[in-house]
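Visitor: Hi, could you walk me through this one? I'll ask things as they come up.
Guide: Happy to, go ahead.

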Amino acid sequence: MRWAVLVAVTPLLMGFKLLETRNGEVEQGNAALQAGKAEEALAHYDKAVAKLPADPGVHLDRGGALYALSRFEEAGKEFLRATEGQDEALKANAFRSLGNALSKQDKHKEAVAAYRRALALRPDDKASKWNLEIALRKQKEEEEKKKKDEDKKDDKDKQDKDKKDENKKDDKDKQDKDKKDKDKDKKDEKQQDENKKDKQDKDKQEKQPQPEKAADNPERLLQMLKNLEANPKDLEKERARIRAVRRGPPPRDW
């Protein structure tokens, strides 16, 4: 088998070599792919894979057609199958192509590993070195972005927590205020009841008739004395009654 360069070595392009073989489908696929007819090439490679399912070179070629069609995930699977071959040059090419397919899917960490495997097999591969540098830079940018996103998320979570705590405090303050207002209302209501009761007691006392005192009516007092002088026993009884009235508690005036 001979190897021919499909495209010039440029960053993150296909950069793989097509397998040249006597198999007619592979040869037609190679010709179609070199002519830019990726769909036609894929159809030929499909037939070749059906005849040569264990041939890593055919899988490498089919992966190239899928890559050209921007079907990078499927292309990666074909390139991975191609790494199972024994030929180190083919394996190195397959790992580099796998790295390219992974980079196109923004799987930069996995791409870095694939390029390093390619360089372990072929240290002088300039395309793998160049693509590795790009993948490393992309990986670093991805990690920095991920860290920023995590920091933003942490900040947002903290803000949400602080806001939640503040809302809880506001709710508690409101509950405390409502309780104080309710207690004050109860106290005011109790005081009003007491004031009302005191007023009722006062009104009741004021409405009660007060015993008329003889000293408050001079004419009545003179008449009483005349009547009592006529009867000494009644005089003593009246004096005792007056003394009892004087010793009693004074009427309330509020």
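Visitor: Which residues make the nonpolar surface patch of about 240 Å²?
Guide: L221, L222 and L225 make that patch. A patch takes residues with over 30% relative accessible area and no salt bridge, joining like charges within 9 Å and nonpolar side chains (Val, Leu, Ile, Met, Phe, Trp, Tyr) within 5 Å. Accessible areas come from the Shrake-Rupley method with a 1.4 Å probe, and for residues only the protein chains shown count as cover.

Visitor: What should I know about the model itself?
Guide: The model is predicted, so local features need pLDDT of at least 70 and side-chain atom pairs count only at pLDDT 80 or more, while totals for chains, interfaces and linings use all residues. Residues are numbered from 1 along each chain as its sequence is written, and side-chain values use heavy atoms, leaving out hydrogens and water.

Visitor: Back to L221: where is it found?
Guide: L221 is in helix 8 (residues 218–230). Helices here are DSSP runs of H or I with at least four residues, numbered from the N terminus. L221 counts as partly exposed, at 31% relative accessibility; buried means under 20%, exposed over 50%, and partly exposed in between.

Visitor: New topic: how many salt bridges does a search of the whole structure find?
Guide: The search finds 16, each being a side-chain nitrogen of Lys or Arg within 4 Å of a carboxyl oxygen of Asp or Glu. One of them joins D46 and R62, at 2.5 Å from N to O. D46 lies in helix 2 (residues 38–51) and R62 in helix 3 (residues 56–68), so the pair ties together parts that are 16 residues apart in sequence.

Visitor: Is R62 buried or exposed?
Guide: R62 is buried, with a relative accessible area of 18%, whereas D46 is partly exposed at 33%. D46 and R62 are also linked with E78 in a network of salt bridges.

Visitor: And what does K153 form a salt bridge with?
Guide: K153 pairs with D157, their closest N and O atoms being 3.1 Å apart. Both lie in helix 7 (residues 126–207), 4 residues apart, about one turn of the helix.

Visitor: How many aromatic pairs does the whole structure have?
Guide: The search finds 1. Y67 and F72 form it edge-to-face, 5.2 Å centre to centre with 75° between the planes. Rings of Phe, Tyr and Trp (its six-membered ring) pair if their centres lie within 6.5 Å; planes under 30 degrees apart are stacked, over 60 edge-to-face, and the rest tilted. Y67 is buried at 7% relative accessibility, and F72 is buried at 18%.

Methods: Helices (H or I, at least four residues) and strands (E, at least two) are DSSP runs, numbered from the N terminus. Buried means under 20% relative accessible area, exposed over 50%, partly exposed in between (1.4 Å probe, protein chains only).
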